[in-house]
Amino acid sequence: MKAVSTSCLTGSPAKSQSMTLVQIKGSVPIRPQLLGAALTQWHALLPTLCQRQQQATPSPETPDSSISKKQQQRWERLHSLSDITRCSSLSTSMTGTALQLLLLLWMRSGCAAAVSTTGPSPCLAPAQWEGRAVQYDHSTGRNTRAAVSYDASQQRVRVLEEKKGLVPCKRFFEYIYLYQETVMFQIEQVTKFCSKLPLNEPWDPYDIPDNSTYEDQYYIGGPEDQIFVQEWSDRKPARKYETWVGVYTLKDCYPVQETYTRNYSVTTSTRFFDIQLGISDPSVFTPPASCQVAEPIRMKEDC
């Protein structure tokens, strides 16, 4: 996800909408609210500065003691008005100077991002990548580890389940999802038995939809070993809960985690890691020869 809609900051793809984050090249994102806070602190110092100016400025000569009380009060009001005028001038001058300094700091990278109250914009996720994932099924309490090949340009995904030790009475499968052809292949890794099933679900890419709701941003990890991410969901004002939550890196928009819920209960949580851009072997999306005589019945995962 990108902090701003300008190419001179991080070099990563960004959509054209503006955001409430400002980032200077080589620095961490800055919220425009911080600029307001700095000005507020600057204004808080002005009374002290005015007092010091008044102490340093010679006072007009005290009128003769023989003048009337009314004239004495008029002289005091004029003296006070003079101090107020000087402080007002100082306030205006120093506030303008402070604002100029803040703007110079903000623009020192040579470009400034447009600031808007509309909030961050979804980043543009990579269209092709290979990596690994762990999906936790909350209904069964089971984790499934797999190698993933993802190709959004042709709407296809290949999932190869990983064997992590000996799991009694457990079969491992390879899945090939071809959304443009609305078909899915399930291949048993040992026997190469194949099932060919209709793919009725619509294409759901690993990215952040344009109409997503911005939820949060934070660092994963700790000092000197961390990555900045943003969290998005499909939550809408008329609905108090979300059915999808996605966490993506800010710099290159890699998927980190996706969570799906139904009826207020989490169904699956998927974590992504070891992502590499591109597809090293496009043939992984081609079903093996055994699928020419595929069965139209889904095979069970257990023995």
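## Salt bridges

A salt bridge is a side-chain nitrogen of Lys or Arg within 4 Å of a carboxyl oxygen of Asp or Glu. Asp-252 and Lys-251 form one, with their closest N and O atoms 3.4 Å apart. Asp-252 is partly exposed, at 26% relative accessibility. That label covers the range between buried (under 20% relative accessible area) and exposed (over 50%), using a 1.4 Å probe and protein chains only.

This is a predicted model: local features need pLDDT of at least 70, side-chain atom pairs count only at pLDDT 80 or more, and totals for chains, interfaces and linings use all residues. Residues are numbered from 1 along each chain as its sequence is written, and side-chain values use heavy atoms, leaving out hydrogens and water.

## Pairs between strands

Side chains of opposite charge can pair when their charged atoms come close. Searching the whole structure gives 9 salt bridges. One of them joins Asp-274 to Arg-132, with the closest N and O atoms 3.1 Å apart. Asp-274 sits in strand β13 (residues 265–277) and Arg-132 in strand β3 (residues 128–137), so this pair ties together parts 142 residues apart in sequence. Strands here are DSSP runs (E, at least two residues), as helices are (H or I, at least four), numbered from the N terminus. Asp-274 is partly exposed at 49%. Arg-132 is partly exposed too, with a relative accessible area of 25%.

Which residue forms a salt bridge with Arg-158? The partner is Glu-174, and the closest N and O atoms are 3.1 Å apart. Arg-158 lies in strand β5 (residues 156–161) and Glu-174 in strand β6 (residues 173–178), so the pair links parts 16 residues apart in sequence. Both residues are buried.

## A network and a loop

Some charged residues join in a group. Arg-142, Lys-170, Glu-301 and Asp-302 are linked in a network of salt bridges.

Pro-168 lies in the loop between β5 and β6. Pro-168 is exposed, with a relative accessible area of 68%. In sequence, Pro-168 and Cys-303 are 135 residues apart; in space, their C-alpha atoms are 8.8 Å apart.

## Around Thr-213

Is Thr-213 buried or exposed? Thr-213 counts as buried, at 19% relative accessibility. Its place is in strand β9 (residues 213–222).

Leaving out residues up to four places away in sequence, Thr-213 touches Glu-231, Trp-232, Ser-233, Arg-235 and Lys-236. Contact means heavy atoms within 4.5 Å. A polar atom of the Thr-213 side chain lies 2.4 Å from the backbone oxygen of Arg-235.

Note on methods: A polar contact is a pair of N or O atoms within 3.5 Å; within protein, one must be able to donate a hydrogen and the other to accept it, and residues adjacent in sequence count only if both atoms are side-chain atoms.
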